[in-house]
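Here are my notes on the model, point by point. Please read them with the structure open.

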Amino acid sequence: MKLAYWMYAGPAHIGTLRVASSFKNVHAIMHAPLGDDYFNVMRSMSERERDFTPVTASIVDRHVLARGSQEKVINNISRKDEEQHPDLIVLTPTCTSSILQEDLQNFVDRASLSSESDVIPADVNYHRVNELQAADRTLEQITRFHLDRARSRKTLDRSVTNGPSANIIGIFTLGFHNQHDCRELKRLPGESGVAVNQVMPEGGSLKCLKDLPRAWFNTVPYREVGLMTATFPEKDYGMPYISITPMGISNTADFIVQIGKLVNVWAYALSEKRLNYKLYVDNQTKFVSQAAWFSKSIDCQNLAGKEAAIFGDATHAASITKILVKEMGIRVSCSGTYCKHDAERFDEQVRGLCDEVIVTEDHTEVGDTIARIGPSAIFGTQMERHIGKRIDIPCGVISSPVHIQNFPLGYRPFLGYEGTNQIADLIYNSFNLGMEDHSLDVFGGHDTKEVSTKSPPTGRKHINWIPEAESEPNRIPGFVRGRAKKNTEVFAKQNNISEITIDVTYAAKEKLSS
Amino acid sequence: MKTLEIPTFECETGNYHTFCPISCVAWLYQKIEDSFFLVVGTKTCGYFLQNALGVMIFAEPRYAMAESEEGDISAQLNDQKELERICLRVKNDRNPSVIIWIGTCTTEIIKMDLEGIAPKLEKQLGIPIVVARANGLDHAFTQGEDTVLAAMTHRCPEYNRRTADQHEGNIARRVAGDVAPNRKFFDGKDRSSGGNLVLFGSLPSSVASQLNLESRRQSISVSGWLPSQKYTDLPALGEGVYVCGVNPFLSRTATTLMRRRKCQLVGAPFPIGPDGTRAWIEKICSVFDVKPNGLEERENQMWKNLSDYLEIITGKSVFLMGDNLLEISLARFLIRCGMVVYEIGIPYMDRRYQAAELLFLQHTCEKMKKPTPRIVEKPDNYSQVQRMHELQPDLAITGMAHANPLEARDIDTKWSVEFTFAQIHGSVNARDALELVTRPLRRRSDSILGCRNLSRQAVNV
């Protein structure tokens, strides 16, 4: 047992439901007790979904506990089949059904005899995988199910499209800015002459899945979901895939270079012509994206050398780290992710870019690390935003888990060239604005509010500041103020000083600069 | 008693959306200030809590998950040792006066003996441990509170009539200090009523003191509340104590109070709306043999104060999908306000505990010359949406899972959870209740663009 207050990634069934309900005309039936259909609330509220979420529960109650589900699950499947005629019904296990060890496969087999819809059980183990891994697995499972069947029925269309085309895999409901990213992603290859064959699973129709292999290649924008779905067609059908996340200028450029490579293999074979994407990338980088110019502009000078801490899912945390360090010259003291299953690759991505890497699912560990470092800005999830609030450090939200305000109505992609603009805004606005900061230093600050004295989430021993000394750190430039204060306290502690006077602050400063 | 035609009850499939009963920790940890709630369950439970309680989770709440791992499920780990380790940490970090274990579906299925372990750990740690099985296998949403209060009933001190007479003053003063700091209510004639009244149900302290005041007006003093603001202030229970519920979902607590603590239950309608509050207090008066005083004028005054809201809702129709067991009382209040209620969905209907409320509903329908609504126990949300499509009610009181889709189909909705968290008890708060009910209807009148239906989906769901 583990004492837990908060979690970054949800339980496995949430991942399955997110994928299933993203497809068109797919219905998920959860084998769960009353109240576990909270997913419907999240989708309806956060995504402001106007249609009923295609998820129902086959309720596990006392009777089920005593006698097993018996006909209940099957009846529920048949009923949904009759009422709504979905293309596919996904029977979704929850923690409850995994403990009960009911034979869901058996229910599915029996139900498929009588129902017009296809029925499959989601193959996820509650104890072994989290929300993201389950989503990845379910997407693969559904895709494989349809491709295999199409192949056995000989309806699988394996001729590639005439012009270059791509599938986008991994856009789905409740994903962080997924809808906007999708629109941007469609544009990105589109402008370089690549058509979008299919987007999966969001809005995807199962009837069209058999045409999936017609695309020239697959793209998987996010690390967390879609890689499994992209790897098996590579093996079975020789379909290449791109797993670069086009987030930030250099990543986007890499992404397009990859597209160029894959397209040219075929283009050369078909017409002995090579397409050149270099010009396109140059033009986009210089003029469509403002980010390159922005980081060169004088405004961005104020950001140089400032410190940031980053935490989020593997995709976003790694990409944002890269952007901050390579494209904006900001120092990243700490970069981390809660995607423990992807730790190795995350480490590889950010190594050399930041001082320390943390991989943890424990938000108090993240909070402690941030409090210890005391960066000028945090880029993280909603949890880090609250950590930041508590210790007076601004935070930009860059990754799930998120609140409703992270499902904006306006166009806010994180991917592609428009994404670079959005990210630049987000980063710039998160740090205190340059001139404001500067004038605060000159005039000793206008805010009477105490800075950084709120205690960080875990106990730091309280040290008394006498009032005159208290005003001393206010003369220090804002963005290093928190750190100076902390250094003074550390110095005091080391020297067994319980009260900090002005002398102590100077002594600490001297000690540090010596 | 004149027997009336009892409304028709129906029972559907139980395929409806509601909150998991563990959500009761959200309001109970705030109510019982020195408590700590430990939910013994899985990630699923934790995920629900953290999403349902939203911002609260960031405020270092006095609740946490004891999250079962694979070793716990397969009994490779010893439950008692695991819980001991966790509770010790809670004790060191927070030092609560009581730890409340919330049993979940998981603990039921793997038959974790929480009730057996608790007394042992209680001795070891020196902190009372109360076990409440608020799981989704047996209960819905607000019934979670019922399980906690029922468990807490056993922890209340014994009421002793002989010594109580001497101590009553002290107890009354202590409770008074808790919820109604005004001393003057507790001197003079109140002691002459001789009864000892304990109210049960968790209400914000301001609402609790309003209800105290309501009964004080009739010279009946409330000697305690279950739950109290502090665990250490639980009311004394025993033979000779009258108990009265303030919420319709507390049937298990009522049963426990009667059977195990030998209290006498005052079966009254619930104090929701001016009509409910009056009926509630009248029933209490009748038990204590007190002639109610000025209640009618007071009720009329309250209705007068509500006239602007009544204007909006009179003649409008409402459909309650059902998820928090407040539905009967709410429907009765709304009928009295002049609304037509098409259907009352309700997770669970205890006809004995709610008998007075049901009768009152019946009377209200007759008085207002409105048809008796059908009461659907364990409703089926899918069928309900079909019915709603037929009936086209002016307002649907529903859970959040259905609110947006119904709005997109041109049916105004009000989230039912809000009635659980808002202050709707007592005549003073009737305005708040109507504020909630009328909000979607007031918004309608100045709706933009004139587009009615904003859904792309076909008619049937």
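1. R137(A) is partly exposed in this predicted model. Its relative accessible area is 22%. R137(A) pairs with D123(A) in a salt bridge, and the closest N and O atoms are 2.6 Å apart. D123(A) sits in the loop between β5 (118-121) and α7 (131-152) of chain A, while R137(A) belongs to helix α7, so the bridge ties together parts that are 14 residues apart in sequence. D123(A) is partly exposed too, at 45%.

2. Chain B has a salt bridge between R374(B) and E10(B), with the closest N and O atoms 2.7 Å apart. R374(B) is in strand β12 (residues 374-377) and E10(B) in strand β1 (residues 9-11), so this pair ties together parts that are 364 residues apart in sequence. R374(B) is partly exposed at 26% relative accessibility. E10(B) is partly exposed at 29%. Elsewhere, a network of salt bridges with shared partners takes in R62(A), E108(B), E115(B), R133(B) and D138(B).

3. D138(B) lies in the loop between β5 (129-133) and α7 (143-153) of chain B, and R62(A) in helix α3 (residues 62-67) of chain A, so the pair joins two chains. D138(B) is partly exposed at 32% relative accessibility. R62(A) is partly exposed at 34%.

4. How many salt bridges run between chain B and chain A? There are 6. One of them links R409(B) to D51(A), the closest N and O atoms being 3.1 Å apart. Over all chains, the structure holds 46 salt bridges.

5. The contact between the chains draws 76 residues from chain B and 53 residues from chain A. About 5500 Å² is buried there, with carbon and sulfur atoms giving 59% of the area. The chains also share 24 residue pairs in polar contact. On the chain B side, elements supplying at least two residues each include β2 (35-41), α4 (79-94) and α17 (400-408). The residues of that side divide into 38 nonpolar, 21 polar and 17 charged.

6. There are 0 disulfides over all chains. C182(A) is buried, at 9% relative accessible area. C334(A) is in no disulfide either; the nearest cysteine sulfur, in C354(A), is 7.0 Å away. C334(A) is buried at 3% relative accessibility.

Note on methods: Residues numbered from 1 in each chain as written. Chains lettered and ligands numbered in written order. Predicted model: local features only at pLDDT ≥ 70, side-chain atom pairs only at ≥ 80, totals over all residues. Heavy atoms only, no water. Disulfide = S-S within 2.5 Å. Buried < 20%, exposed > 50% of the residue type's maximum accessible area, 1.4 Å probe, protein only. Contact = heavy atoms within 4.5 Å. Buried area = accessible area lost by both parts, 1.4 Å probe. Salt bridge = Lys/Arg side-chain N within 4 Å of Asp/Glu carboxyl O. Polar contact = N/O pair within 3.5 Å; in protein donor to acceptor, adjacent residues only side chain to side chain. Helix = DSSP H or I, 4+ residues; strand = E, 2+ residues; numbered from the N terminus. Nonpolar A, V, L, I, M, F, W, Y, C, P; charged D, E, K, R; others polar.
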